Amino acid sequence: MIRHLVALSTAAVLTAAACSKPPAAPAAPAHPNLSGSWVRPLGDRDVGGLPPVNEIPLTPWAAAKFKAERPAAGDNQNFADTTDPSLKYADPNGYPRISLHPMRFKLVQTDDYVYQLWEYNNNWRQIALNVPQDPDPALTWYGNPVGKWEGDTLVVDSVGYKDSTWLDARGLPHTTDLHLVERIHKVGENLAFDITFEDKGAFTKPWTAQLIFKPSPDGSMTENIYTISDELRFRERFLNQKATIPIRR
Amino acid sequence: MRKTCVTVFAAAAGLLIVSGSLLAHHANAVFDVGKRVTLKATVTEWFWANPHCLLGLDVKGDDGKVVHWVAETQAPPNMIPFGWSKQSFAAGDAVTVTIEPVKNGQPLGRILQAVLPDGKTLVAGAPAIPAPEAGAGTRQ
């Protein structure tokens, strides 16, 4: 009986407390919502990019490695006998190279993560919010990005990149010491990624680049998975190059 | 007999092009940049695939000989915004295709625009722009 009275009293107190305050208004969003589909459209010039190689402070090691590569684009291009790991082995592009394609990506923003979903090769990365950087992360294609909000800017810090990727299609190298700091923010209706590149093995000092993405009105993305068979088939059909391994249809 | 028209001309003002340096996949060195070839042709195949879509074309010359051309576009996601699709061409379609040919004289090139049997024109990219400096602009 006493238990029932205590329970009833407690319920009455809680009810009164609940009723004494008006319901809280929904909190205003603390940060801009970056979710949506974004693209650097094919042919647009005002979308930034990585600077000319002669403006990037390469270490002697990086300069020699860059010179030795045979990319499919740029000044040293050699498509027929390229060393581009994404063409030769269909390796994932790595970052930020994957964002340089004129293809869409989606940002999906939650309280704890921001997901970047690239249409190119259906690759994606997960930016964990408000957690410390791992001092010794596993080496991966897209690194270990962690983010935090500074006002209206999402600041993303990432390390832990495999050194087998190129930073762009020209063959710009990096080491496993690559450290990127990205400041992602709206510029009007567009989205800017201001990226600082640090890598004591590849660069004598930090350097920066800006990528601008525009809203993509069509939110649907295609399956666009690039395989070594795709590459070999293209070379066979367009360039009459014989495949060295069977092409899967 | 179908009159074959293979016209080579310099880049004309207003022609819509995709800058070679914008290619997402391979080099532009293979192409004779700025050169244009217009083919009145019959479609043999439209291959909607990565890393480039391929259009097979039969072109009959004035001597009656048929030359088979293959012309590429960008990958499907790059073409969809410009109205291209897997259904853009069918075998047997009579089309007029403007391409930028390869340098070595083989019947290969990349498509700049295509006029379909119903008169509709598909363009393969944004309006003509000067080539960006190395490393700048839209690069892979």
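Student: How do you know what the mean confidence of chain A is?

Tutor: From pLDDT, the predictor's confidence in each residue, from 0 to 100. The mean for chain A is 89, and 89% of its residues reach 70 or more. Over residues 11-19 of chain A, though, pLDDT stays under 50. Where pLDDT is low, the predicted coordinates should not be read in detail.

Student: What makes strand 5 and strand 6 of chain A a pair?

Tutor: Strands here are DSSP runs of E, at least two residues, and helices are runs of H or I, at least four, both numbered from the N terminus. Two strands pair if DSSP finds at least two bridges between them. Strand 5 (residues 124-129) and strand 6 (residues 144-150) of chain A have two bridges, in the parallel sense, so they count as paired. In one of these bridges, A128(A) partners V146(A).

Student: And what about strand 6 and strand 7 of chain A?

Tutor: Strand 7 covers residues 153-159, and its pairing with strand 6 of chain A is antiparallel, over seven bridges. N144(A) stands opposite V159(A) there. The two strands form a hairpin with two residues between them, and G151(A) in the turn has a positive phi of about 65°.

Student: Why is Q126(A) called partly exposed?

Tutor: The count is of other C-beta atoms, placed from the backbone, within 10 Å: 20 or more means buried, 12 or fewer exposed, and in between partly exposed. Q126(A) has 15, so it is partly exposed. Its place is in strand 5 of chain A.

Student: What makes the buried residues of helix 4 of chain A line one face?

Tutor: In helix 4 (residues 228-238) of chain A, E231(A), R233(A), F234(A) and F238(A) are buried. Seen down the axis, they fall within an arc of 165°, so they line one face of the helix. That arc is taken from the directions from the helix axis to the C-beta atoms. Following helix 4 of chain A comes N240(A), with a positive phi near 60°.

How values were computed
Residues are numbered from 1 along each chain as its sequence is written. Chains are lettered from A and ligands numbered from 1 in the order in which they are written. This is a predicted model: local features need pLDDT of at least 70, side-chain atom pairs count only at pLDDT 80 or more; totals for chains, interfaces and linings use all residues. Two residues are in contact if their C-beta atoms, placed from the backbone, lie within 7 Å.
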